[in-house]
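These notes are meant for someone opening this entry for the first time. Please read them with the structure in view.

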Amino acid sequence: MRIHCKIVVIAVCFGVFLLLYFFGGNAADDPPLKEVEEDNYFPKFSGLRNNVASKLTKKTPDELHIPHKQPLTYRKVSKVASRGGNAIAKSRQRSDMGVGRPASKRARADEVMHLAVVACGNRLDETLTMVKSALLFSIKSIKFHIFAEDPLTSQFEKGLSQWPHAITNKFQYSIYPITFSVGNAEEWKKLFKPCAAQRLFLPVILKDVDSLLYVDTDVLFLRPMDDMWSFLKAFNTTQLAAMAPEHEIPKIGWYSRFARHPFYGVTGVNSGVMLMNLTRIRSTLFKNSMIPSGLSWEDLLHPLYQKYKNHITWGDQDLLNIIFHYNSECLYTFPCQWNYRPDHCMYGSNCKGAEEEGVSILHGNRGVYHDDKQPAFKVVYDAIHEYPFEDNLFQSLFYPLQTKFLDTVNTLCGRIPQVFLKQVEKSMRTVYEKKVVRHVRPPPK
């Protein structure tokens, strides 16, 4: 009897050993997966992973478009030529050294979004916060074109280099000096705000860029920049730029009441967020009130300024309004939630798109990020400015944002917090789903 028991025990042990060997060998053949700690990252959406994983079982890895990590290479200096002279752009370039079949140059170009900003004076922190907001939620990589005064160049390089590698891996940047190809440079520089007129010359300077999103330094992205970039596909054959209306209600709009020059549409447009197809701009002859024939973009700027300089108040924005007044077929207008300003809530809520979908891009003009006149705007800016990269988005960004909004409910803009918070929460969920999809492997066939 004892002999039989020993034989049974030995057989059981041998069977267990075989099972361990079988499963251990299979596990060793599979590549290791990085775990996503969803409960710590987004406690609110801890059940989301199971839903996504169930959908993945029906798709192959190729259908999921799971990207490979790409190594980085750097190029120190690139030169940008313009009619006004040569500008040295200190560049940090990423090249695709892909695994397997390399992507074509056209495919790689399509994967990069271009964003331009002009910074002068004390706009360093504000600009870095804007760049940070663009990187928090965007999916595709971004190439930043930063136009700055010489004293700010080294400060931008230092600030951008201090961010974690996981973040710097998502973008490239070039820094350009302030330059104007026609007219008096000092006169252009002082038009409206310091250096603001630089945006008018982007089609002339960035000759190798096909499309571009320009934003003011006081802009914050509350959803992926990819969504704004997709408006380029909505352009018809004549449209070459896109902006939002200056106001939604003509009777309280500035242009409809006070402008002493032509402007676009009924309320004019605001140029703080401007999407451009630069290739089309460079190849178009623009109608104008000065000569019967059309003028190219660069040839139009200086004579237009000379004609209207005593009648404009908002500088380069007024010049853009004049251009598109005579060329209205060239402009695409996007809804107010893509350029949401204090004017949309300080006189009562008048942006229906923001009420329904939430703010997509916040534009804190009038200096509202740095005073207490519109605390709802300042709360959003402070939350993004203080957020440490790679921290838990919900715990370190969204929850503090919710809490601080309680102090603004007695203001006209703060009484509708969902307008400011809806897209932020939605964007965080998108970031979370992207992480889960990237790391959850479908079961073998």
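1. Helices α14 and α15 are roughly perpendicular to each other, a label that covers angles of 65 to 115 degrees, whereas angles under 35 degrees count as roughly parallel, over 145 as roughly antiparallel and the rest as oblique. Helix α14 spans residues 297-308 and helix α15 spans residues 316-326, and the two pack at an angle of about 110 degrees with their axes 10 Å apart; the axes are lines fitted to C-alpha atoms, for helices over the stretch in contact, and angles run from 0 to 180 degrees between N-to-C directions.

2. Where these helices meet, α14 contributes Trp-297, Leu-300, Leu-301, Leu-304, Tyr-305 and Tyr-308, while α15 contributes Leu-319, Leu-320, Ile-322, Ile-323 and Tyr-326, contact meaning heavy atoms within 4.5 Å. By class, this contact of α14 with α15 has 11 nonpolar, no polar and no charged residues; Ala, Val, Leu, Ile, Met, Phe, Trp, Tyr, Cys and Pro count as nonpolar, Asp, Glu, Lys and Arg as charged, and the others, Gly among them, as polar.

3. The model is predicted, so local features need pLDDT of at least 70 and side-chain atom pairs count only at pLDDT 80 or more, while totals for chains, interfaces and linings use all residues. Residues are numbered from 1 along each chain as its sequence is written, and side-chain values use heavy atoms, with hydrogens and water left out.

4. The mean pLDDT, the predictor's confidence in each residue from 0 to 100, is 81 for the protein chain, and 73% of its residues reach 70 or more. Care is needed with residues 22-88, over which pLDDT stays under 50, and with residues 90-107, over which pLDDT also stays under 50.

5. The protein chain has 19 helices and 11 strands, taken as DSSP runs numbered from the N terminus (helices H or I, at least four residues; strands E, at least two). Of its 445 residues, 49% are buried, where buried means under 20% relative accessible area, exposed over 50% and partly exposed in between (1.4 Å probe, protein chains only).

6. Tyr-381 is found in helix α17, residues 375-386, and counts as buried at 5% relative accessibility. Leaving aside neighbours within four places in sequence, Tyr-381 is in contact with Asp-125, Glu-126, Thr-129, Leu-220, Tyr-369 and His-370.
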